Amino acid sequence: MTTEDRQHDGPEEEREPGADEPSGEEPSGEEPTAEGPTGEERTGEEPIAEEPTSEEPISEEPISEEPISEEPTGEEPTAEEPPGEAPTAEKPTIEEPTAEEQTTEEPTQPLGPEPRRLLRSRSNRVIGGVCGGLGRYFNVDPIMFRIGAIALALVGGAGLLLYLAALLLIPRESADAPAQPPIEGRNRTLTIVVVGLVLLVAWPFLLGGGLIGAGILVPVAFLVAIGVLVWWIVSGEGPSGNAGDVARRAALGIGVLILCGVIALGGAWAAAAGGGVVVGVIVIASGVAILGGAFVRPVRWLILPALTLALSAAAVAAAGIDLDGGVGDKLYRPASAIDLRDRYELGIGELELDLRDTDLPAGDRPLQIDLGVGEARLIVPEDVCVVTDADVGVGVVRIFDRDSGGVDVDVLDEPGARPDTTRLIVNADVGLGALNVVHNPDELRNGLHRDFDNDFQGSFAGDGNAACLGTNASARE
Amino acid sequence: MPSIVAGIAVLALGAVVLLDETGVIELSFGLLAPVACAAAGAILLASGLARRG
């Protein structure tokens, strides 16, 4: 029985016996006087201090035992009081102590609030309601815990680990729990400022601290988080329920992730190995099946694998990755122009073509370099002018001391040369990786490069391509 | 609804891959990125609308 219940029950219990009495003239506490107290008398007897509260337990029948007091309850005098004499302002003072008495003096049933339990909040949650539950438990704005969790997640990842642990260990509150009241805007702003200042002060300590075993636990925590997120996206089941449910969803999400990874690798390998048409047909057939299934029998499970396959094959096609040429590292050092092939290719690995000892005749000499994934290094003598037309899907192009990198890198560098100079016209296609054109491999260790830019058009001095007359290098990304 | 949108999106991606393989278009990340984002966004949007409905 709650406090509010007792506020209403008490007077009713007193009224019931009173109904057996001859009219309302008889207040229970005034048995000795036949007349019964008037309203004025009762008013004078109402001070709280005078009430023998210990004698008024609600469980006891006040009339039958007639213990009490000269103090009538709040309701009884109301019926008896002459309207004009009843000081309405005093009525609340009659009822309030009655309620308090009844609440505090129930000996058999504890009437205090239920013990606080740390539960994940349903009404105040961003992910799993952990911070909302902590805020309710400690009576603190949950934003404090959220900021702290994010900060700890960014500094060593402990926040993520702790959040996941809390997600697994703290039960969720029931669906019928009262909603958490919102925090006032001013208090929230103040809280954010205070927490921000605390973090600012604690930042060096957080950086210097770290978590024991973070090298293992944090990646595991990330994996679990990603698993939960993937399963959330796939099935719509968020991080709710008990620890077993969350763990099960994380495992299912990780399983889906592994399956998608296998499909992506297989599709990418097939597309890069020349099976792009087959992969494209399979993807289209999957799309037709999904579309047709929408009208017959939905095959939603096919959506994610089909999308994974399509995106992996499309990424390979966009990068221009071609695995023709095999896998491994290849080093070529042709001794003469006759040994120099027109085309060098490699699927995955490092391709190095060293022309420093190659006797190249004057004039233009075309050279094609195709690399799927890896690094292509072209080492040329100082007296050779290099013209470069390079396409890199994802990666970087370095030509002497200039470079350009990113996605869809397209570099065109067409300097002129004297007729008596060897001009190497390089056409390179790299899917994922780097193309380096240098005079000396040691230059690759030098990290100082200038970006390719249209500003370099016409500029020549100092770009390393010294054998050329000029350059009009440009990069399009 | 989500299956229809997803089917169309997968079909579109497959067509892009096939067109690149046959040399009709030259696929690059600059083209693929918006296509992939649009496909994924359409599927998520359809799923969200279906769930809400």
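Gly464(A) counts as buried, because it has 20 C-beta neighbours inside 10 Å. The cut-off for that label is 20 or more. This is a predicted model.

**Around Gly464(A)**

Gly464(A) sits in a loop of chain A, between β7 (450–451) and β8 (474–476). Which residues does Gly464(A) touch, leaving out those up to four places away in sequence? The answer is Phe400(A), Asp401(A) and His439(A). Take His439(A): 25 residues separate it from Gly464(A) in sequence, while the C-alpha to C-alpha distance in space is 8.1 Å.

Phe400(A) also belongs to a hairpin. That hairpin is formed by β4(A) and β5(A), with 2 residues between the strands. Phe400(A) takes a positive phi there, near 55°. The two strands, β4 (residues 384–399) and β5 (residues 402–413) of chain A, run antiparallel and are joined by 11 bridges. In one of them, Asp389(A) has Leu412(A) in β5(A) as its bridge partner.

**Where the chains meet**

Chain A puts 30 residues in contact with 24 residues of chain B. On the chain A side, α11 (243–293), α12 and β5 each give two or more residues. The largest share, 13 residues, comes from α11(A). What kinds of residue make up this side of chain A?

| Kind of residue on the side of chain A that touches chain B | Count |
|---|---|
| Nonpolar | 21 residues |
| Polar | 7 residues |

**The nonpolar cores**

The largest nonpolar core has 71 residues. Those with the most contacts inside it come from both chains: Val283(A), Ala310(A), Ala313(A) and Ala314(A), along with Val10(B), Leu13(B) and Val17(B). Helix α12 (residues 303–319) of chain A gives the largest share of this core, 13 residues. Why does the core lie between domain 3 (218–319) and domain 4 (330–476) of chain A? Because both domains give residues to it.

Not counting residues up to four places away in sequence, Val283(A) touches Ala306(A), Leu309(A), Ala310(A) and Ala313(A) in chain A. In chain B, Val283(A) touches Val10(B), Leu13(B), Gly14(B) and Val17(B). Another core lies apart from the largest one and has 19 residues, including Leu167(A), Ala225(A), Val228(A) and Val230(A).

**Confidence**

Chain B has a mean pLDDT of 86, and 98% of its residues reach 70 or more. For the complex, the predictor gives an ipTM of 0.93 and a pTM of 0.54.

Definitions and conventions: Residues numbered from 1 in each chain as written. Chains lettered and ligands numbered in written order. Predicted model: local features only at pLDDT ≥ 70, side-chain atom pairs only at ≥ 80, totals over all residues. pLDDT = per-residue confidence, 0-100. Core = buried A, V, L, I, M, F, W, Y, C linked by C-beta atoms within 7 Å. Buried ≥ 20, exposed ≤ 12 C-beta atoms within 10 Å, placed from the backbone. Helix = DSSP H or I, 4+ residues; strand = E, 2+ residues; numbered from the N terminus. Domains from an automatic or database assignment. Contact = placed C-beta atoms within 7 Å. Pairing = 2+ DSSP bridges. Nonpolar A, V, L, I, M, F, W, Y, C, P; charged D, E, K, R; others polar.
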